[in-house]
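Me: I would like to go through this structure with you. Shall we take it in short questions?

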Amino acid sequence: MKIPFVKWWGFFFCGAGLMAALGAPSDRAAEKGPLRTVYIIPVKNEISRTLVYVIRRGLNDAERQSVDAVIFDMDTPGGRVDAAEEILKLLNKGIGVPTYTLVNPNAISAGAIIALATDHIYMTPGSQIGCARPILLGPAGDPQSMSPGLEEKSVSYVSALIRNAAQEHGHDPKLAEAMVRSDVGYVIDDAVIAPTGRLLTLTNQEAERKVGRDQRPLLSEGTVKDLDELLQKLGGAQARKIELRVTTAEQVARIIEALSILLLAGGLL
């Protein structure tokens, strides 16, 4: 559905506008043994269309180099719905090795959805993840009100998107949905994790809380101070690190995309 002069620019950033789970085991021994080579993809700032091409290039390169794991080093307030969806498609195809997200320190809105599309989630001290309700932005980048029908349609769509990400990678879809819908709440073991009427956002300590009869972590498999400590925890202290470098052309493309909304507003004026 197209809306004249308005586009989806991102997800709702709780309280500030824009700026695992009950599934996979946390023991690296359950994977393929010690990590020898890891591929690190930085996910910084807003989730944009340019980032889709960067991540596609990184995943393809990781496959060519036969790495043992891919790690997303994430710090983002969110971004575009369509960009997040394209990234989910890339991750859902799989690359044959475990994928990790290190929340360092923010995985908000679109970032939370992408994190849920990886197999394992770890967090740094003071980090947070969640709050993925969509908003509509106007030509000047300011939030726009939506009719009840349009709002429900957009929320329903993003809710399905985040549930799919969680289901495909062993995370709890009900927990994921609570990050988008404030009317569902989230309760487990009679403990209220997210009360009805409030979107779910978790701190690192809350996300690693042990729940259920098997005492698995709620979402995060542990808190580490940095990437090196994560690698040590995963048995890859001596692993070779290959970090994706964003090219100059990709940096320029991101700047142009960020300015496009201002150019649109100028054109309208």
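Reply: Start with a term: contact means heavy atoms within 4.5 Å. Keep in mind that this is a predicted model.

Me: Leaving aside neighbours within four places in sequence, which residues is T37 in contact with?
Reply: T37 lies in strand β1, which covers residues 37-44. Its neighbours within four places in sequence are left aside. The contacts of T37 are then V67, D68, A69, A239, R240 and I242.

Me: Is T37 buried or exposed?
Reply: Buried means under 20% relative accessible area. T37 has a relative accessible area of 13%, so T37 is buried.

Me: How do the rings of Y100 and Y122 pair: stacked, edge-to-face or tilted?
Reply: The structure holds 1 aromatic pair. The ring centres of Y100 and Y122 are 6.4 Å apart, and their planes stand at 35°. Under 30 degrees counts as stacked and over 60 as edge-to-face. The angle of 35° therefore makes the pair tilted.

Me: How many residues apart are Y100 and Y122?
Reply: Y100 sits in strand β3 (residues 99-108) and Y122 in strand β4 (residues 120-123). The pair links distant parts of the chain. The separation is 22 residues.

Me: Are α1 and α2 roughly parallel or roughly antiparallel?
Reply: Helix α1 (residues 49-64) and helix α2 (residues 81-93) pack at an angle of about 10°, with their axes 8 Å apart. Angles under 35 degrees count as roughly parallel. So α1 is to α2 roughly parallel.

Me: How many residues of the contact of α1 with α2 are nonpolar?
Reply: Residues of α1, including L51 and I55, meet residues of α2, including I87 and L90. The contact has no polar residues and 4 charged ones. The nonpolar count is 8.

Methods:
Residues numbered from 1 in each chain as written. Predicted model: local features only at pLDDT ≥ 70, side-chain atom pairs only at ≥ 80, totals over all residues. Heavy atoms only, no water. Phe/Tyr/Trp six-rings, centres within 6.5 Å; stacked < 30°, edge-to-face > 60°. Helix = DSSP H or I, 4+ residues; strand = E, 2+ residues; numbered from the N terminus. Buried < 20%, exposed > 50% of the residue type's maximum accessible area, 1.4 Å probe, protein only. Axes fitted to C-alpha atoms, helices over the stretch in contact; angles between N-to-C directions. Parallel < 35°, antiparallel > 145°, perpendicular 65-115°, else oblique. Nonpolar A, V, L, I, M, F, W, Y, C, P; charged D, E, K, R; others polar.
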